[in-house]
Amino acid sequence: MTNLTPEPVQPSPLDDDNLDGFTVDALSDYLDHGRQPRNSDIEGSAAAQHALAALSRLRTVAPRIVNADAEYFTPKHENWITRILDQIGVQAHAGRDIPIPYDVAGAELSITEGAVRALVREAGDETDGLLVERTSLDGDLTTPGAPVEVHVVVSTFATTNDARIVPSFRERVIATVREHTDLVVARVTVRVHDSDITDEDLDDDGNLVPR
Amino acid sequence: MVSLPGRDSLSDADDRTVASRAADGDIRAFEVLMRRYGPLLRAYAARIVRPADADDVVQDTFVTAWQELPDLENPAVVRSWLTTIVTRKSIDRLRAGREHDSIDDHDFHDHADGPEDVASASSLDEALSLVLSSLPEDQRRCWVLREIAGYGYTEISEQLGLPVSTVRGLLVRSRKTLVREMEAWR
Amino acid sequence: MNDDTEDDLPTRLTRLLRNVDGVHTVYATKSLLPSLVGAVVEAVRNDPVGMHLVTVSGDADELTVVACIGVAADEPATMICRRAHDALRDYFTDQNLTPPTTVRVQVGRVG
């Protein structure tokens with residue numbers, strides 16, 4: 001062993017000499033229990049109070065330490081994100097297979113439920129003022145011609161005029177599903193915050209009418 | 001290509017909105033979550049497993065997150081939910097004993113630079129981060145599981161395969177070291 | 001010169017699909033999640049050789065071809081899907097191969 005020069009040691013409230021006979025372990029437990037039941041020995045010791053205050057400060061700082069680390073860990077390469085994304089994006093949440101009719105022997109064509117839901121979300125992305133949060137397709141998707149319902153939950157921005165935006169979003173949903181699938185869309189429900197807007201709320205031109 | 005150029009609104013949206021979208025199957029929203037919390041989870045994992053293994057743990061975390069997101073009842077708490085998963089995955093990794101000698105730590109900031117670095121730290125957080133790195137592995141793991149993950153003594157003992165008394169001893173030592181550094185900054 | 005000779009049938013079909021109008025991605029037909037490790041996904045991303053994106057199964061008398069594709073949004077997905085199917089089937093005819101009994105094409109993403 002080489003000679004190690006001892007580092008200058010600064011006094012700490014958790015040094016054994018500064019604990020007034022208490023242990024860090026016991027004081028930590030006391031702190032963990034919200035200083036209950038009240039221990040008058042601990043509460044009456046200035047040294048123990050200093051130690052408790054220090055432990056408590058450390059606890060407050062703890063989450064910030066890992067946050068500070070995060071800066072060092074910002075990825076240098078995009079790789080780690082893309083290599084996960086490429087596959088899970090399509091393989092997971094694919095849902096049911098929606099048949100694409102084709103009159104050729106041995107042809108089994110389909111579009112996934114997940115792909116159609118993504119189309120609905122993108123219809124929202126193309127509509128200024130709202131963001132699609134949840135989508136679902138209800139009905140027998142696997143039988144060609146069976147009626148299906150599209151349900152969408154959206155959030156709108158504070159400045160958005162729901163009455164103007166929602167009908168146009170609905171139109172986009174219907175149009176994109178019609179364009180890319182052979183689904184028969186019987187109903188589209190758009191839930192904005194807590195209010196549903198369904199066919200009954202719209203006039204023949206697709207405008208919102210008050211109930 | 002699944003990774004899409006996105007509108008700014010999604011990356012600016014709050015956790016609840018982004019996590020809802022991701023739970024709905026939107027890979028772009030999931031990408032926003034990965035960018036938002038990937039570095040934090042890596043930093044976190046690197047405190048429990050070796051830095052070189054942190055990448056794998058984080059990847060594994062996100063794959064699991066993607067599968068389990070639809071079952072997350074309150075998307076607003078996605079950050080702490082991800083932290084829970086990364087803790088579990090980190091411990092799994094430790095247990096699997098796959099922490100054999102690693103060749104390539106170079107991509108990561110080297111935390112084990114010693115006291116000079118602590119002296120040059122520009123903030124308390126950074127100084128403590130460096131001190132945490134200089135702690136022996138077991139001390140550091142116990143402290144992170146207790147103070148960041150919120151595990152109890154028994155849980156830590158079970159997860160790390162150490163007696164509770166040892167866990168307590170390790171925690172005392174890590175707290176002493178960290179408090180000493182913290183107080184030096186006051 | 002035929003530079004296809006070195007490649008197996010699934011690889012050739014994958015390349016063929018990539019050149020079909022409106023098809024922008026050919027995805028793996030088997031879920032990779034259980035074996036998701038960096039190296040495997042990397043392989044899929046950078047180079048499909050060795051990874052069977054298009055699956056061909058069965059024997060010569062009863063072949064099944066399975067593909068999963070991502071398509072552009074500027075044409076109906078149904079149309080591109082049928083086009084992709086036709087391209088696969090035509091390949092067998094053009095090469096004087098026994099046509100597959102089943103050709104399954106799934107659209108996994110639009111846009």
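Me: Among contacts in chain A between residues at least 6 apart in sequence, what share joins residues at least 24 apart?
Reply: This is a predicted model, in which local features need pLDDT of at least 70, side-chain atom pairs count only at pLDDT 80 or more, and totals for chains, interfaces and linings use all residues. Residues are numbered from 1 along each chain as its sequence is written, while chains are lettered from A and ligands numbered from 1 in the order in which they are written. Two residues are in contact if their C-beta atoms, placed from the backbone, lie within 7 Å. For chain A, the share that joins residues at least 24 apart is 55%.

Me: What pattern does chain A follow along the sequence?
Reply: Helices (H or I, at least four residues) and strands (E, at least two) are DSSP runs, numbered from the N terminus. Chain A has 6 helices and 6 strands. Read along the sequence, they give α-α-α-α-β-β-α-β-β-α-β-β.

Me: How much of chain A is made up of buried residues?
Reply: A residue is buried if 20 or more other C-beta atoms lie within 10 Å of its own, exposed if 12 or fewer, and partly exposed in between, with C-beta atoms placed from the backbone. Of the 211 residues in chain A, the buried part is 34%.

Me: Which element gives the most to the side of chain A that touches chain B?
Reply: The contact takes 49 residues from chain A and 49 residues from chain B. Elements of chain A that each supply at least two residues include helix H1 (24-32), helix H4 (79-91) and strand S3 (130-139). By class, this side has 25 nonpolar (Ala, Val, Leu, Ile, Met, Phe, Trp, Tyr, Cys and Pro), 13 charged (Asp, Glu, Lys and Arg) and 11 polar residues (the others, Gly among them). With 16 residues, the element that gives the most is H3(A).

Me: What distance separates the centres of domain 1 and domain 2 of chain B?
Reply: Domain bounds come from an automatic or database domain assignment. Chain B is divided into domain 1 (8-95) and domain 2 (115-184). Taken over C-alpha atoms, their centres are separated by 24 Å.

Me: Is C:Pro99 exposed, partly exposed or buried?
Reply: C:Pro99 is found in the loop between helix H3 (77-94) and strand S4 (102-110) of chain C. Not counting residues up to four places away in sequence, C:Pro99 touches C:Arg89, C:Phe92 and C:Thr93. Because C:Pro99 has 15 C-beta neighbours inside 10 Å, this residue counts as partly exposed.
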